[in-house]
Structure formats: C-alpha cells, structure tokens
Amino acid sequence: MNASALPGPATNLQTWIAARAKWHPAEIVFWLGCLLPLLPASLLPGFLQKYWIFDSYLQLLSQIAITALFAISLDLILGYAGVVSLGHAAFFGLGAYAAGLIAKFWFTDPLLGLACAALLSGAIGFLASFVVLRFHGLALIMITLGLGQLLAEGANSATWLTGGADGLQGIRAGKIFGTVEFDIFGQTAYIYALMVAFLLFLLSRRITNSPFGLSLQGIRDNSRRMLAIGAPNQWHLRKVFTISAAMAGIAGALLTQTTQTCSLETLTFQRSADVLVILILGGVGRLYGAIAGTIIYMIARDFFSDVNPQFWYFWIGLLLIGVVSYMPNGLLGGLNWLLLKWRRA
Amino acid sequence: MRLFTTTILAASFATALALPAAAQEVRIGIILSYSGQFADTADQMDRAIKLFVKQNGETVAGKKLVFFRKDTGGIAPDVAKRLAQELVVRDKVDILAGFALTPNALAVGDVSAQAKKFMVVMNAATSIITTKSPYMARTSVTTPMLNQTLGSWAAKNGMKRVYTMVSDFGPGHDGEAAFHAGFKAGGGEIIGAARTPVANPDFAPFLQRAKDANPDGMYIWVPGGAMPAAVGKAIVERNIDKNKVKIMGQDELTGENAIKSMGEAAVGIVTVSNYDFNHQSAKNKAFVDSFFKEYGRNPDIFSIGGWDGMHLIYESLKKTGGDTDAQKLIDAAKGMAWESPRGPMSIDPETRDVVQTVYMRRVEKVGDRFLNVEFDKVENVKDPVKEQMKKEGKPMQ
C-alpha cells in the first residue's frame, strides 16, 4: 500500500519486494466480505433478516465485479505504466462480442468462451500496442480515442455479424462446467464474475508487486532514466498493454455471458470515459482504488437514479468534482493520507 | 401508560390490517432511458403515462397501481436486463412497461418470458421484439409497418423510379429494406440507394447525385434531432423541385421541432406516421389539449405509445378482475380494440403486435404554423414482417 516508501540503501531488495506483496488483514477481510451477499437471509438472526437486502442485489453486484475488473485492467496501463487511454472500451467490446458470437455460433461453455475472448482481445491489444505506444501525451489520448471509435463504427457497419444497433441476438446461455445455470436471481452470475475477477486481481497484484511491475512504475515516473539503466521500455509497455487488453476482454465477455446481451454500447466512448471516471474517483495507481471507485460509482448511480432517474449524473459530477478538488489521489489516496497523518499525530 | 400501550396495540393492529393490502396492489416497473441522449423520448412517454393515470385514477379493478421507474441511461441492454430482473426479484413487479429503445426491449423480453411477466412495449419499433416473449404486447408501431406501407403507397400513386437515402445504421437499414420491399412489390424501380454517415453528414453531394438520376421520388430516412433540418436545407440548396421529385420519409423527418427549424423548406415533404398531434378528431383534441395544459408541450409519437400502453394495461387488468397472472393478462390483451387519439387500433391476437391506421401527411402552412396535414390513409395495417413470417410458417414466439 505504501508505494512511496523507497528501500533504504541497506535493505535487501528481495525482502523489500516480499514485504510489499504481503497481504494486509484489511484485504483479506474485504475479499471474504465479498462472499457475504451470498448468505441467504434465512440463516441470519431474525431481527436482522428484515434489513438483509444483499441477496436481491446480486445482479448489480455481479456487474460491479465486472466493471471493477475492467477498471483494474485500465489501472494496469494508466496507473502503473502511465499510458492514458480513452478507448479502452475497444477491448471490452471485443471480448463482449467474441464471447457473444462464440455462444451464438459455436459452443456455450462459459470458461472456454472466456479464454477465447481473452486470447482475441489480447492478440488485438498486442498488435495495437505497436501503434499506440509510439505516442505520448495528447497524441496518445487521441490515438486511443480514435482506435475505440474505429472499432465501434466497424461493429456498427458489420450488421450481418454484430446485429448492428439492435445488438447481437441469439446468444445462448451456457452452463458453467456443464451443470450450473445462470439464474434470474443472479446468484451464479455473481459467483462466476466474482471468482474470475478475484483470480485476475491476484494476477494483477502479483504483476504490480513484481520487478516487472516496478519497472513499469519506473517508466511512468521517468522513462529516460529507465532507458539509461538499460530497461527495454517498449517491450515492458507492450507486455502490460497486451495483458490489460486481455483482461478488459475478459470483463466484456463476462458481461455478455452473465446477461446474454451484447450491444454496441460495450464499445462506446461513454464506457471508456466512465471507467476513467471510476479510476479517478477511487485513486489511480492502486488496485483497490479501481475496486473502491467502481463500488462507489455503481452504487451511487443505482441509488441516485432510483431517487431521480433524470438527473443522477448531476450527483456523480458533484462527487467527482469534490473528489478531484480535495483528494487528488482519489478516495483511497485521500484515506491513505488521512491514515498517515493520524499515525504521525 | 395505559393509553400509551393501547395506542401501540392499536397501531400494530392497524399495521397488521394494512399488510394484506399489499396484495391489493398492482406493481408496474417502467424501464426507460431517462438520462442521456434519449432522455427527451423517455420524458415525452412518461408524461403521457402520468397524464393517463391522473385522468383515469390510480385504482384499477379494485387494486392500487404502484409504479417503479428505472433509468437505463441510453442504449444498454445489460443494464435494462438487470433492472428488469431486479424489478421482478426485489420490487416484485407484476408488469414491465416502457421501452423506447430496441436493444433494451429485446433484452428485457428474455426476463418477461423467463419470469412470466406481462410486458408492454410502448415505443421500440423493430419487428422481431414481440417474438421474444409470449407475454409481450406492443402499442407503438413497427418500422416496416410505416415504411413498407409508404413504399406500396408510392408505387400505387404513380411513382415509378425512386432514389433512397438512409442513415447508415440499423434503424436506417430497416427503413430502407421496408420501403424497398413495399415499392418493388408495387412494381416500382429503385434507381439508387445511398447510405449517409450517421454523424455530421453533408447531404449536398448525396442529394445532387440523387437529383442527377432524375427520379420521380426520393425516400429519406434520418434520425430525429438536428438532421432533418440539415436535409431540408440541403434540398433547397440543391434546387430540388418538390413538385417534380416527391420527397418522402418517416414521421421524424417532419417532427414538430424538425419542421420548426426547417420552416418554409419543409413545405411539401410527404411523411408516413401512425400519429401526429395535428390529427383531426375530438378524442385527439382532448388528449392534446390536456397534455399541453399539463406540460406546455404537444404530445408526440412517444407520448401516444405510452398513452395507449397504459390504456392496454388498465383494460387488461379490468378484464382479468385485477389478476396479474401473465397468461391471463396477455389473453385479455389479445384482440382488444379501442378508439385511441391516433384513431382506431387493436392488438393482433396472433402476434400481440399493434394493428392501426397509417397516415400519409404533407407539410403545409396553416395560418402562421407549419403542420403535417393528413391527406391519405391506410387502415388496419399489421406488421408486414410478421405477416411474411406467418406465410413462411415461422414460429411467432
């Protein structure tokens, strides 16, 4: 968590990395807590049952898990490697359509579909990285934006394949391991999305705490100096861009599989922008920032759009302005700062 | 103290008595895109829904209607489906209604079929939507219903060679296909079919090419918003004589705001529609007046879909005596016919889709206003795509 604390000259580098990668009790509590909503109300003491609402929110929770995974994938390139992208939905949509088309024409096994979607979006991400990573700053933002728009327009034109503006129709629902069906309460969807998101979170955590992850942060903070010490910057960036694209693809595939819907909306600029808002809310450059940002954004959206369906974005905007003005490192960055201050006092 | 206990007892009895009243409710979930690009569509529909409830009372067949409104924020089938599932599972709704956008309606169709809930589509206009659930009915219109009718009307009324120009995306393609089908079946010839970019197109080169092909008529499909005005302007700039080349399109080409911004340029454009606030009937006058009085605006095609959707829900509930079983409700809805502000309409007992009169209108200057004036109509129009499916023996569900 304390990424800013640098190793002293006397510290052994390996012990330092190992110490960084250690699990904090709060993390374990958080992930165990994610299983709580699966608890049926009937198992609780009577007086609590009335207030136990989570089991009817499983659909929302599974979409939160999917969006959090998408946010983590963007955080890997944006927060850790400094590659700003306004077109990350391109890979999300690629995965979504890949999973949808596979389930429509080929086979319905969700896990296999997930793997295919990851391979495809990873491969496209790898190819795109040769173009995208030539650029920096504003040009990079424009290139990613353009890439996203190109793909969205392509999917719109290829009506014969994608169903165009009506969305892809005829996606068959698969059974996980051939036995577990997706139910209307969203129980399967939540367990499935949560498990996949958790495994990929573990992978991301491992990456960011590895020497590779540290060199990415080095490139982010001072790329010339990294070159000077002999780091293959371009290959490091390509690698992480590919991983990030594959993860975004998996998130998209999860959305298709858990909802059996797939539309052009998965490719839109709006989705790319939303995930950026989420990252900025939660805190860029921390995996838990991506998760916290998603939880707050999605719950705020659900809550405010229930209160007033017309103007919920007003409150999100207000929240965003408040966060960026008073907590430049996002909510988690702000909390961390408060914690440090409290410890010193 | 004694008084206090009594009060508590009385209160708890009252609550206990009030509880079964929950069963005396009919819960209706309305899913629309209240925010974002399509918010105005949702607002216009919701206004009609609220007005209907205000005029007809909140109680139907002895049961109180309770509404739950949910926002999809635009085209988002995943969100729409989740909201529908939540409405069914958490809010225990009996009826799903609304749906301005096709992808959202298609996605919720699955929920209606799976959870066995009566569903009323009040706008989304792609033909196949109603095949998604056996408990679904539609009170708006379908794209082919209008455009194919326009095609055959054009062929019947002396046009031989027509050039078509549509926006290059799903709804535009649907309009194009339907018009071509109707026009060709009537013996007409399509001499050119252009597709224009969806965003910020310049219509001048397309119209010039169309004019050079020397057609009898031109069919134009563009989405509402800023585009109809741009088309109108380009038609004037290219010097296309509307007396020689008939300009035809679907209602949105000459929607209220579109005509306002086109002004004189709109005069003579022929459009096909199932409803306009300028439709002349006592029933429509009453509807438009009360709508205008309440909201300071005229109702549009989205409003009429919402209005008749509520009528269908009310009448079906009355017929079942307040029973909300999806099968009973859809059976009650099948074949129901009524006089709407748009004219006579009914629900096709076979396809559960709308059957209605389709009007041909021409933009004319009436006083100091430009209005769509009806001059021809086709009665009892059914969705041509499903009629075709029926002929080919394809299943309806």
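Two strands pair if DSSP finds at least two bridges between them. Helices (H or I, at least four residues) and strands (E, at least two) are DSSP runs, numbered from the N terminus. With those terms in hand, here is a hairpin to start from: β12(B) and β13(B) form one, with 2 residues between them.

This is a predicted model, in which local features need pLDDT of at least 70, side-chain atom pairs count only at pLDDT 80 or more, and totals for chains, interfaces and linings use all residues. Residues are numbered from 1 along each chain as its sequence is written, while chains are lettered from A and ligands numbered from 1 in the order in which they are written.

**The hairpin of chain B**

- Strand β12 (residues 337-340) and strand β13 (residues 343-347) of chain B run antiparallel and are joined by 4 bridges.
- Across this pairing, B:Trp338 stands opposite B:Met345 in β13(B).

**The six-stranded sheet of chain B**

- Strands of a sheet pair through backbone hydrogen bonds, either parallel or antiparallel.
- Chain B has an open sheet of 6 strands with mixed pairing, in the order β2-β3-β1-β4-β5-β6.
- The edges are taken by β2 (59-60) and β6 (136-138) of chain B; each has a single partner strand, so one side of each is left without a neighbour in the sheet.
- Strand β1 (residues 25-32) of chain B pairs with strand β4 (residues 95-98) of chain B in the parallel sense, over 4 bridges.
- B:Ile31 has B:Gly98 in β4(B) as its bridge partner.
- β4(B) also pairs with β5(B), again in the parallel sense and over 4 bridges, and here B:Gly98 stands opposite B:Val121 in β5(B).
- In a regular strand the side chains alternate between the two faces of the sheet.

- Contact itself has a cut-off: the C-beta atoms of two residues, placed from the backbone, lie within 7 Å.
- Helix α4 (residues 102-115) of chain B lies across β1, β4, β5 (118-121) and β6 of chain B, running at about 165 degrees to β5(B).
- How many of the 14 residues of α4(B) are buried? The count is 11, and the helix is mostly covered.
- Among these buried residues are B:Leu106, B:Val108 and B:Val111.
- The buried residues of α4(B) pack against β1, α3 (77-89), β4, β5 and β6 of chain B.
- After α4(B) comes B:Lys116, whose phi is positive, near 55 degrees.

**Helix pairs**

- In chain B, helix α5 (residues 143-156) and helix α6 (residues 170-185) pack at an angle of about 35 degrees, with their axes 7 Å apart.
- The residues of this contact divide into 10 nonpolar, 9 polar and 1 charged (Ala, Val, Leu, Ile, Met, Phe, Trp, Tyr, Cys and Pro count as nonpolar, Asp, Glu, Lys and Arg as charged, and the others, Gly among them, as polar).
- In chain A, the axes of helix α14 (residues 287-307) and α15(A) come within 8 Å and cross at roughly 140 degrees.
- A:Tyr297, A:Ala300, A:Arg301, A:Phe304 and A:Ser305 in α14(A) meet A:Trp312, A:Trp315, A:Ile316 and A:Leu319 in α15(A).
- That contact of α14(A) with α15(A) divides into 7 nonpolar, 1 polar and 1 charged.

**Where the two chains meet**

- Chain A has 26 residues in contact with 30 residues of chain B.
- The elements giving two or more residues to the chain A side are α4 (58-80), α7 (137-157), α12 (233-259) and α15 (312-326) of chain A.
- The largest share of that side, 3 residues, comes from α4(A).
- The residues of the chain A side divide into 8 nonpolar, 16 polar and 2 charged.

**One exposed residue of chain A**

- A:Gln14 has its place in helix α1 (residues 13-20) of chain A.
- Is A:Gln14 buried or exposed? A:Gln14 is exposed, because 9 other C-beta atoms lie within 10 Å.

Definitions and conventions. Axes fitted to C-alpha atoms, helices over the stretch in contact; angles between N-to-C directions. Buried ≥ 20, exposed ≤ 12 C-beta atoms within 10 Å, placed from the backbone.
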